[in-house]
Amino acid sequence: MKFIERYFEFEKYGTNLKVETLAGITTFMTMAYIIFVNPQILSTAGMDFGAVMVATCIASAIATLTMGLYARYPFALAPGMGLNAYFTYGVCLGMGIDWRVALGAVFISGVLFIILTLTKIRTWIFNVIPNAIKYGTAVGIGLFIAFIGLKSAGIIVDSEATLVTLGNLMEPSTLLALFGIFLTSILVSRNVIGAILIGIIVTSLIGMILGISPFPEGIFSMPPSIAPTFLQLDIMGALNLGLLTIVLAFFFVDMFDTLGTLSALSSQAGYLDKDGKLPRVEKALMADATGTVVGSLLGTSTVTTYIESASGIALGGRTGFVSVVVAVLFLLSLFFYPVVKAIPPYATAAALVIVGALMMKSIKNINFDDYTEAIPAFITILTIPLTFSIATGLALGFITYPILKVFTGRWKEVHWLVYVLAIIFALRFVYLAG
């Protein structure tokens, strides 16, 4: 115990083992929904549900443990919401790309993260990307995953006349999904710890009691085999020129998300120095990058830092021991596979909708008084959900931004890297059209 207290500097941060342990349990409770949601989303792309569940737990545990032991921060990591939806609906189903190739693209983006983190270029890139694109992407992803949640619940359905329309709200599963959305919204609004997880479990239980979905065949079991996804990625296939935008999309979205999340959590915990910088930031970024590479090898989409870590920080968690606790709980979750498998899609729809709603707060950071900022942000926000593609929305935002700046005489406000990226994205559209 003394070694743990010294290594994690409990005295320096005014904390103790009990507080750190409870903070870790709290953080895990707020983000454990990913154990149910991620396999459901990725299995839609043809991946094995059980293998993805195991990959999710192990990748989350490894990345979070790295954050705790190496960077020594109370930040937890797991496959990112939005990126998993883009992986399935944008890349695999939308573009007809095999999930193995998509995993290869995730791997390449992760290796790129590691290289740029070691050279400290990653932070520089983040700083030169326009805020309109950063925040517009976050909002667009929020709408994207909320739309997917509404669609999976049957609240929104296909329409030949209008593309989409309101579904049959009297369908039992759709009614339960609506109940789950309202229940989770109330719990989140009342700041209940583990609100999203509670919403999923309660909605599932009601559906099982009413006979809409079956009860789990037991509670505990040995974890399913990870063989169907382990080392199944196709790196050579992902090196195809046509996938360049996909790799960049995984890269940029994870970078925006991670650095934004780290800034918010560090501010809350009081880690930022007098210049507003986070000590050991490169170690924290390396944990994120390592998680993405390991996750792609195991069989899951991009791993990133979770804003839900704020719940443990609010409870007093201040050291990497919080992350160690979260990592252990992810590993223990491997033995609850019967419960995870029994959770129906209508129960997890609320998680997608509520997380999407929470991501909308980034819109307040967009300067709508400046049209050269507002319009690129709006195009990014609008086209991500409408095209079912983060890459397309991101690309259109990058192309629009410098064009407006140039033709309004404000070309000097745009960093040269943004011009380069705009040209790359434009050429990609030309390549696809050809």
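Which residues make a nonpolar surface patch of about 390 Å²? The legends below take up this question and then turn to other close-up views of what is a predicted model.

**View 1. The nonpolar surface patch and the loop residue Leu315.** Leu22, Ile25, Met29, Ile193 and Leu315 make this nonpolar patch, which covers about 390 Å² of the surface. One of these residues, Leu315, is found in the loop that runs between α15 (309–314) and α16 (321–332). With a relative accessible area of 41%, Leu315 is partly exposed, because a residue is called buried under 20% and exposed over 50%, and partly exposed in between.

**View 2. The aromatic pair of Phe3 and Tyr7 in helix α1.** The structure holds 12 aromatic pairs, and among them is the stacked pair of Phe3 and Tyr7, with 6.0 Å from centre to centre and 25° between the planes. Both residues lie in helix α1 (residues 2–7), where they are 4 residues apart, or about one turn of the helix. An α-helix has 3.6 residues a turn, so residues three or four places apart point the same way. Phe3 counts as exposed, at 55% relative accessibility, whereas Tyr7 counts as partly exposed, at 30%. Ring pairs also link Phe3 and Tyr7 with Phe8, Phe10 and Phe321 into a cluster.

**View 3. The edge-to-face pair of Phe28 and Phe330.** The ring centres of Phe28 and Phe330 are 5.2 Å apart and the ring planes stand at 85°, so this pair is edge-to-face. Phe28 lies in helix α3 (residues 17–31) and Phe330 in helix α16, so the pair ties together parts that are 302 residues apart in sequence. Phe28 is buried, with a relative accessible area of 11%, and Phe330 likewise counts as buried, at 0% relative accessibility.

**View 4. Charged side chains over the rings of Tyr7 and Tyr70.** Arg72 lies over the face of Tyr7, at a distance of 5.2 Å from the ring centre. In the second example, the charged end of Lys283 sits over the ring of Tyr70, 5.2 Å from its centre.

**View 5. The enclosed helix α4.** Helix α4 (residues 33–43) has 10 of its 11 residues buried, so it is largely enclosed by the rest of the structure. The buried residues of α4 are Tyr33, Ile34, Ile35, Phe36, Val37, Asn38, Pro39, Gln40, Ile41 and Leu42.

**View 6. The salt bridge between Arg100 and Asp98.** The structure holds 6 salt bridges, and one of them joins Arg100 to Asp98, with the closest N and O atoms 3.0 Å apart. Arg100 is partly exposed, with a relative accessible area of 32%, and Asp98 also counts as partly exposed, at 34% relative accessibility. Side chains of opposite charge can pair when their charged atoms come close.

**View 7. Asp370 and its salt-bridge partners Lys405 and Arg410.** Asp370 forms a salt bridge with Lys405, in which the closest N and O atoms are 4.0 Å apart. This pair links distant parts of the chain, 35 residues apart, with Asp370 in the loop between α18 (345–359) and α19 (371–387) and Lys405 in helix α20 (residues 390–406). Asp370 counts as buried, at 14% relative accessibility, and Lys405 counts as buried too, at 0%. The side chain of Asp370 also meets that of Arg410 in a salt bridge, at 2.7 Å from N to O. Here the linked parts of the chain are 40 residues apart, with Arg410 placed in the loop between α20 and α21 (416–433). Arg410 counts as partly exposed, at 27% relative accessibility. Salt bridges that share partners join Asp370, Lys405 and Arg410, together with Glu373 and Glu413, into one network.

**View 8. The cysteines Cys57 and Cys92.** Cys57 counts as buried, at 0% relative accessibility, and Cys92 counts as buried, at 6%. A disulfide is a covalent bond between the sulfur atoms of two cysteines. A search of the whole structure finds 0 disulfides.

Conventions. Residues numbered from 1 in each chain as written. Predicted model: local features only at pLDDT ≥ 70, side-chain atom pairs only at ≥ 80, totals over all residues. Heavy atoms only, no water. Disulfide = S-S within 2.5 Å. Buried < 20%, exposed > 50% of the residue type's maximum accessible area, 1.4 Å probe, protein only. Patch = residues over 30% accessible without salt bridge, like charges linked within 9 Å, V, L, I, M, F, W, Y side chains within 5 Å. Areas by Shrake-Rupley, 256 points an atom, 1.4 Å probe, with all protein chains shown as cover. Helix = DSSP H or I, 4+ residues; strand = E, 2+ residues; numbered from the N terminus. Phe/Tyr/Trp six-rings, centres within 6.5 Å; stacked < 30°, edge-to-face > 60°. Lys NZ or Arg CZ within 6 Å of the ring centre and 35° of its normal.
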